[in-house]
Amino acid sequence: MREPFLIGTHNAGPFLAAGARILADGGSALDAVEASTRLVELNPDDTSVGFGGIPNLLGVQEMDASLMCGRTRAAGAVGALQGFLHPISVARLLLEHAPHVLLVGDGAARFARQMGCQQADLSTDETRTVYQAFVDDAFEHDGIDDSQTWVIEYAKSQNLRDWYTRLTDDQHGTVNIQAVDRHGDIACAVSTSGTALKFPGRLGDSPLIGAGNYCDNRYGAAACTGRGELSTRNATARTAVLYLQFGMSVAEAARRAMEDIHELGTFGGMSCLLMDAAGNTASATTNVDRKNYHWYQAASMSAPEQREGVTVAAA
């Protein structure tokens with residue numbers, strides 16, 4: 001029988017040990033990915049996930065997260081969630097206790113409160129400094145009123161797509177963590193604060209099952225980081241798992257998924273993390289200017305190992 005293990009994106013490495021301990025004690029893949037993701041969400045040095053995530057255009061953190069079980073294909077996801085410390089745990093509770101897959105905004109917050117989830121101010125001195133620097137640089141304004149409607153009015157006066165592209169170039173990130181337990185069950189977790197300074201209410205791929213997250217015990221798991229609009233348009237996570245179903249190796253599936261992103265011919269980069277049902281792992285990116293790798297930690301390992309990924313350039 002294959003030893004249980006986890007894999008994660010570049011920002012997950014130090015936190016995989018929590019999930020590995022759960023797997024070593026016979027715990028589930030769902031428990032493992034949730035536990036490790038919660039620690040990433042607590043990391044104030046990660047400005048793309050959870051506490052300390054860069055806020056939206058109005059200076060408010062809006063969190064997206066999803067969790068999926070490969071055995072049942074059950075999933076839970078939240079989007080544009082404000083004021084809760086662990087979006088991934090809200091998604092887990094949704095998976096287990098609600099008939100819905102996705103809740104957003106006020107509805108997600110209402111559900112989180114009803115389930116007793118921990119509320120918190122997710123801003124830090126760094127996020128407040130970053131936001132104020134953005135305001136000072138982007139707008140000529142003598143003061144900020146309570147509603148900050150002037151920010152939206154300014155954005156409306158621009159070519160919003162071009163302005164947003166310039167403003168948020170490379171200002172995005174996400175954590176992906178996948179695991180397989182001793183029963184062969186696979187789980188996949190995704191959590192993010194989304195693109196920095198995004199338009200309020202924007203959802204990327206992270207809370208969208210099939211776009212930023214998908215797993216199936218029969219074939220494997222896939223999740224995405226980067227410009228979420230791209231993987232949303234391509235249903236990248238589901239497509240990558242489908243490539244596994246068609247018989248591709250994890251490396252081939254990851255490469256093909258990134259080639260599909262290039263076919264869109266638009267701005268932004270994308271990366272993906274994959275594992276197959278046999279326990280093979282891979283990662284790939286369209287970002288030619290950065291090193292691609294992922295972390296692997298088996299249940300018996302005391303520390304994760306770094307595994308090299310591939311960079312897929314445009315044809």
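A cavity, for these legends, is a set of points on a 1 Å grid over the protein atoms alone where a 1.4 Å probe fits but cannot get out, and lining residues have an atom within 4 Å of a point. Grid points are joined across faces, edges and corners, and a volume is the space filled by probe spheres set on the points.

The views show a predicted model, in which local features need pLDDT of at least 70 and side-chain atom pairs count only at pLDDT 80 or more, whereas totals for chains, interfaces and linings use all residues. Residues are numbered from 1 along each chain as its sequence is written, and side-chain values use heavy atoms, with hydrogens and water left out.

**View 1. The largest cavity of the protein.** The largest cavity has a volume of about 60 Å³. Of the 12 residues that line this largest cavity, Thr174, Gly194, Arg202, Asp205 and Gly226 are the closest to its centre.

**View 2. The whole protein, for orientation.** The protein has 10 helices and 13 strands; helices (H or I, at least four residues) and strands (E, at least two) are DSSP runs, numbered from the N terminus. Buried residues make up 56% of its 315 residues, where buried means under 20% relative accessible area, exposed over 50%, and partly exposed in between (1.4 Å probe, protein chains only). Contact means heavy atoms within 4.5 Å, and among contacts between residues at least 6 apart in sequence, 67% join residues at least 24 apart.

View 3. In helix 1, which spans residues 16-24, the buried residues are Leu16, Ala18, Gly19, Ala20 and Leu23. Their cover includes strand 1 (5-8), helix 2 (29-42), strand 5 (175-180) and strand 11 (293-298). Just after helix 1, Gly26 takes a positive phi of about 90°.

**View 4. Leu39 of helix 2.** Leu39 lies in helix 2 and counts as partly exposed, because its relative accessibility is 33%. Not counting residues up to four places away in sequence, Leu39 touches Phe15 and Ala18. The C-alpha atoms of Leu39 and Ala12 are separated by 8.8 Å, although these two residues are 27 residues apart along the chain.

**View 5. Helix 3 and its cover.** Helix 3 (residues 87-97) is mostly covered, with 9 of its 11 residues buried. Among these buried residues are Pro87, Arg92 and Leu95. What covers the buried residues of helix 3 includes helix 2, strand 2 (63-69), strand 3 (75-81), strand 4, helix 4 (105-114) and strand 6 (186-192).

**View 6. Ser193 in a loop.** Ser193 lies in the loop between strand 6 and strand 7 (213-216), and Ser193 counts as buried because its relative accessibility is 1%.

**View 7. His294 in strand 11.** His294 is found in strand 11 and counts as buried, because its relative accessibility is 1%. Residues that His294 touches, leaving aside those up to four places away in sequence, include Ile7, Gly8, Leu273, Thr281 and Glu305. For His294 and Thr281, 13 residues apart along the chain, the C-alpha atoms are separated by 8.9 Å.

Methods
On a 1 Å grid over the protein atoms alone, a cavity is a set of points where a 1.4 Å probe fits but cannot get out, and a pocket is an open set with protein on both sides within 12 Å along at least five of seven lines; lining residues have an atom within 4 Å of a point.
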